[in-house]
Amino acid sequence: MTTAAKRIEIQSQKRLGALMRAHFLDLDEASRDPSRRVAWCTSVGPCEILTAMGFDVYFPENHGALLGARRVSHELIPRAVGAGYSAESCSYMTSDIGSTLAGVSPLTDAFGIAGPPKPDLLVYSTNQCREVQDWWNFYGRRDGIPVMGICPPGHLGEVTSEHVAFVSGRMQRMIEEIENKFALRMDYDRLSEVVALSSRASALWGSVLDTAKARPAAMTFFDGAIHMAPVILMRGSQTAIDYYKSLLTELSQRVENGIGAIPDERFRVYWDGMPIWPKVRELAEKFYDLRTVVAASTYCNSWAFDEFDGGDPLDWMARSSIELFINRDENTKQRFLAQMFDRFEIDGAIFHNARTCPNNTNSRFGMPQRIRAELDMPSLVIDGDLSDVRFFSTAQTMTNIEAFVEQLEERQR
Amino acid sequence: MSSPLYVGVDVGSSATKCIIIDKSATLVGHHVISSGFDYAEASEDVVRRALLQAEGEVEDVAACISTGYGREHVKIANKHVTEITCHARGARESYPEVRNIVDIGGQDTKVIRLSDTGRMVDYRMNAKCAAGTGTFLESTAHKLGLTIAELDDLAMSSKEQAVVNSYCTVFAGTEVIERIKSGQPREDISMGLFRSIATRVSEMIADPEGATALTGGVATHCRALLRALEEVLEVEIFLPPMPQHAGAYGAALLALKLQLAEKGADTPC
Ligand code: SF4
């Protein structure tokens, strides 16, 4: 069963492929060039500090996602489990550690490089989860690389100026540590510049995602999961800004011309939680066949921050890093979801209960039940995982999704 | 050609069921066979046999809806619909007041919640695991050297029940051995297994308000399951006339509705 109308692909994707290639080749080059330094950073960590201090920044979570998307995680995770990392803990972490222990990487196939660039410094923030701390420490211990981290206050309701000052102070401390360790000096004007670039890319990314507000939606969550790469990997660069400007132009054109990601869209649903990387394509096809657009997601919106106002760059970074959805309490999360449902005219919400990422799973404290009762929003919880396909049942999930759309049909009658 | 027939085929992981109704929604034929490895063949076979009972021919089939795990393999189907919607439809037809439908199949267990107007408002499926499913019972019965029917007979004669805490098929097996070693009667241990399923099901019920129906293959063969569920959920549970066929029945009703809707007529269901 497929929809009759023809699918029109997003053209910018071709350009994205070339950008990614250049990005990874350059990182590979950096790791072999003694005059350059590579830092690894968590995806919503203080990467602007590293860029401003001249480091080339690599984001290991992307490697985890790639291992999942290439469907090799489940073959590599046992290596990490053997080394003492539980199969029930973050499968980005276990598949990444497993790939290191096995000496294989999807980056070889994709870009012809040996693997992730060798780090000089490992930097994390636990604003997303504690797992990253132990993930980075694995490499720190094993290869004797310095590990530096920020542990901001978590699960916040209101974000106060005290919270911001605390995190900004920790960032200042980290800068000093890096200065001492690597005999560098932070150029604060350069930091403001990088933060401005970072926030500009992030704001443009927000506008890109907003094109899914149109009916039909110009893009889906599955497109977003691909096109978000520059806002994570190339944050703080003009390249990311240029890419999103051209993507936004293309998508705005689609909106103007009434071209939808799903041409004869019937329903609009929301995706909460992590993508299921090994099954992204199958899921995208399933929703396409059901003429249901996944118009918005918590995941893609996690990199759409408020724009930098030109004030203290560390304050902006601190605020952005703790205002994140994942770092908030249930009530704040529920309010955010309610706003998203309104903005994107959502008919139903799907919660991905990711077995190895409780941090990015929001169905474990009654949220689906509350939004159903309080917002009259149909909800579905699907069990799966971000990377480890062994926690996923295709038949069961597809039946659940089909039944959910049947439920939406029934409501429409 | 005799009167038009409406066919529902439910291709489950263990059994394939077929229900045939006529235009007034009266049951005229039914059959169940093992699904085997070839779902297309099983569905053809089950329809042929049900048609024999209905004294009809394939040409008399006005509409067919397939459902279940192998729903996409039914060649004769005009449309496929999930077993969740079909079970809800089938159970509601047999028991209009029903609000919770518990369907225990070979590989999964579902709980479907209906609104007071019969609209599906929520449903849950067991997580990817045998806990709370027919497979759990089958496997544990097998370890005890019993068939499911024998396990059911034993459980029904239980006076006091032994507690089996584990949902996991493997752990439950170990627990059962421990109970045997501690001298607990086989009848009570058997009932404990059914209660373990009932407890698992109780976790899937968001709102116990209103009438509850039990459908699915396990319900057909196990009186002890009904008893365990009634005790754990503390409600009276309704068993439709052919619990294993509830999905196929719902599919047949939806086939009738589909055909009448295409003709623009009012639907009796
Ligand atoms: S947020 Fe989840 S997926 Fe991301 S690193 Fe932490 S545990 Fe892993």
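Is B:Glu55 buried or exposed, and at what relative accessibility? The points below take up this residue and other features of the model.

1. This is a predicted model, in which local features need pLDDT of at least 70, side-chain atom pairs count only at pLDDT 80 or more, and totals for chains, interfaces and linings use all residues. Residues are numbered from 1 along each chain as its sequence is written, chains are lettered from A and ligands numbered from 1 in the order in which they are written, and side-chain values use heavy atoms, with hydrogens and water left out.

2. B:Glu55 counts as exposed, at 70% relative accessibility; exposed means over 50% relative accessible area, buried under 20% and partly exposed in between (1.4 Å probe, protein chains only). B:Glu55 lies in the loop between α1 (39-54) and β4 (61-67) of chain B. Helices (H or I, at least four residues) and strands (E, at least two) are DSSP runs, numbered from the N terminus. The phi of B:Glu55 is near 55°, a positive value in a residue other than glycine.

3. A:Arg291 also has a phi near 55°. A:Arg291 sits in the loop between α13 (280-289) and β6 of chain A and is partly exposed, with a relative accessible area of 29%. Most residues other than glycine have a negative phi, and most peptide bonds are trans. A cis peptide bond, with omega about 0°, joins A:Arg215 and A:Pro216; A:Pro216 is found in the loop between α9 (188-210) and α10 (221-227) of chain A.

4. In chain A, four strands form an open sheet with parallel pairing, in the order β6-β5-β7-β8; two strands pair if DSSP finds at least two bridges between them. The edges are β6 (292-297) and β8 (379-384) of chain A, each with a single partner strand, so one side of each has no neighbour in the sheet. Strand β5 (residues 267-272) of chain A is joined to β6(A) by five bridges, and A:Val269 stands opposite A:Val294 in β6(A).

5. Helix α18 (residues 394-412) of chain A packs on this sheet, touching β5, β6, β7 and β8 of chain A; contact means heavy atoms within 4.5 Å. In α18(A), A:Thr399, A:Asn400, A:Ala403 and A:Glu406 meet B:Glu83, B:Ile84 and B:Thr85 in α2(B).

6. Over all chains the count of disulfides (pairs of cysteine sulfur atoms within 2.5 Å) is zero. B:Cys64 is in no disulfide, and the nearest cysteine sulfur, that of B:Cys18, is 7.2 Å away. B:Cys64 is buried, with a relative accessible area of 0%.

Terms used: Axes fitted to C-alpha atoms, helices over the stretch in contact; angles between N-to-C directions.
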